[in-house]
Amino acid sequence: MELGSAVRGVTPPLVTPFDGPDGETVDHDALANVVTHAVEGGVAGLFPNGTTGEFASLTAAERAAVVETTVANAGGRPVLAGVADTAIPDVLAHTDRAADAGADAVVVTPPYFHAESGEGGNRRFLERIADDATLPVFVYDIPSCTGNPLSPETVVALADHSNVVGMKDSSGDFAGFCRLLRETPEEFVLLQGFDALLLPSLRMGATGGVHALSNVVPSAFAELSRLARTSEGESSAARAEELHEGIGALFDACLEYGFAPATKTALCERDVIESARVRPPLKAADPDAIAAPLVGLLD
């Protein structure tokens, strides 16, 4: 599979639905419903075990099972499995399990808790993983969660590694993202991870996006992605900007309540899943706060 063309569009970081008062078990039937909803809405790919999927609250066995369910319902879409961890052997073990489950690529953050102590630390960590990974690697910059940002110099260097195919950028740094568009090879896949920056990023040449809210309104994201790449006139530009504004309003609610809680609540509002349970330390979002911007986007 040629991943660059396969993920042109939007790839949702899938929620992980749970059963039980504190989400003791993964609800695989509900996960299959989320995947089907996304596929029918026109998404380009699927990303299980990301931040919105609460990967850090899943066991290794649960992560592998989530990938299996995603692959089984993906309808041929590429599956980019999250394999983030803090020790290189653990990342590679997650990668092997993802490969066995049928994933097409893996997504790796720099380590969290221990940040690099100087330029080159993150590069060495990620190069070691790319050297031995059994699947192609996407690097993932999300400093709000890892406390360990990837410098542009590190990303540009990693882009030359034969097994590093792209990056998901959730830094929110649009100027930095544009720098990467200029300084990485044309075939390097750059995915915008900040929902509110999708439209300008696509217009600047991003391959696509990875956005929590594309779990909820995949058709809106698919339409926005298509319109951002066309030159069909003022009406198309106006529609793209309308979608951009609607997504931005719902994105603000995600920032307030957290992406997993807000996305699950919105999926309940759309009757895709029955429960918005999250695992501690996360807390459920206020349905009323999610409903208003969601209705505005669906109108």
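**A parallel sheet and its helices**

Strand 6, which spans residues 137-141, is mostly covered, since five of its five residues are buried, where buried stands for under 20% relative accessible area, exposed for over 50% and partly exposed for what lies in between, with a 1.4 Å probe and protein chains only. The model is a predicted one, in which local features need pLDDT of at least 70 and side-chain atom pairs count only at pLDDT 80 or more, whereas totals for chains, interfaces and linings use all residues. Residues are numbered from 1 along each chain as its sequence is written, and side-chain values use heavy atoms, with hydrogens and water left out.

Both faces of strand 6 are covered: Val137, Val139 and Asp141 are buried on one side, and Phe138 and Tyr140 are buried on the other. Strands here are DSSP runs of E with at least two residues, helices are runs of H or I with at least four, and both are numbered from the N terminus. Strand 6 pairs with strand 5 (residues 105-108) in the parallel sense over three bridges, and two strands are said to pair if DSSP finds at least two bridges between them. Within this pairing, Val106 has Val137 of strand 6 as its bridge partner.

Helix 2 (residues 28-40) and helix 3 pack at an angle of about 45 degrees with their axes 9 Å apart, the axes being lines fitted to C-alpha atoms, for helices over the stretch in contact, and the angles running from 0 to 180 degrees between N-to-C directions. Helix 2 and helix 3 are therefore oblique to each other, because angles under 35 degrees count as roughly parallel, over 145 as roughly antiparallel, 65 to 115 as roughly perpendicular and the rest as oblique. Helix 2 passes helix 3 in a right-handed crossing, a term used if the near helix is turned clockwise from the far one by less than a right angle, with left-handed used if it is turned anticlockwise. The contact, meaning heavy atoms within 4.5 Å, is made by His28, Leu31, Ala32 and Val35 of helix 2 and by Ala65, Val66, Thr69 and Thr70 of helix 3. By class it has five nonpolar, three polar and no charged residues, where Ala, Val, Leu, Ile, Met, Phe, Trp, Tyr, Cys and Pro count as nonpolar, Asp, Glu, Lys and Arg as charged, and the others, Gly among them, as polar.

Helix 3 (residues 60-72) also meets helix 4 (residues 88-101), where the axes come within 9 Å and cross at roughly 30 degrees, and the two helices are therefore roughly parallel to each other. The crossing of helix 3 past helix 4 is right-handed, and Ala60, Arg63, Ala64, Val67, Glu68 and Val71 of helix 3 make the contact with His94, Arg97, Ala98 and Ala101 of helix 4. This contact has six nonpolar, one polar and three charged residues.

Helix 4 in turn packs with helix 5 (residues 121-132), their axes coming within 10 Å and crossing at roughly 35 degrees, again in a right-handed crossing. Ile88, Val91 and Leu92 of helix 4 take part, together with Phe125, Arg128, Ile129 and Asp132 of helix 5, and these residues divide into five nonpolar, no polar and two charged.

Some local backbone features lie in the loops. Asn49, in the loop between helix 2 and helix 3, has a positive phi of about 65 degrees although it is not a glycine, and Asn49 is buried, with a relative accessible area of 3%. Phe113, in the loop between strand 5 and helix 5, likewise has a positive phi, near 75 degrees, but counts as exposed at 77% relative accessibility. A cis peptide bond with omega of about 15 degrees joins Pro280 and Pro281, and Pro281 lies in the loop between helix 12 (259-269) and helix 13 (287-298).

Finally, Cys254 lies in helix 11 (residues 234-257) and is buried, with a relative accessible area of 1%. Not counting residues up to four places away in sequence, Cys254 touches Leu213, Phe259, Ala262 and Thr263.
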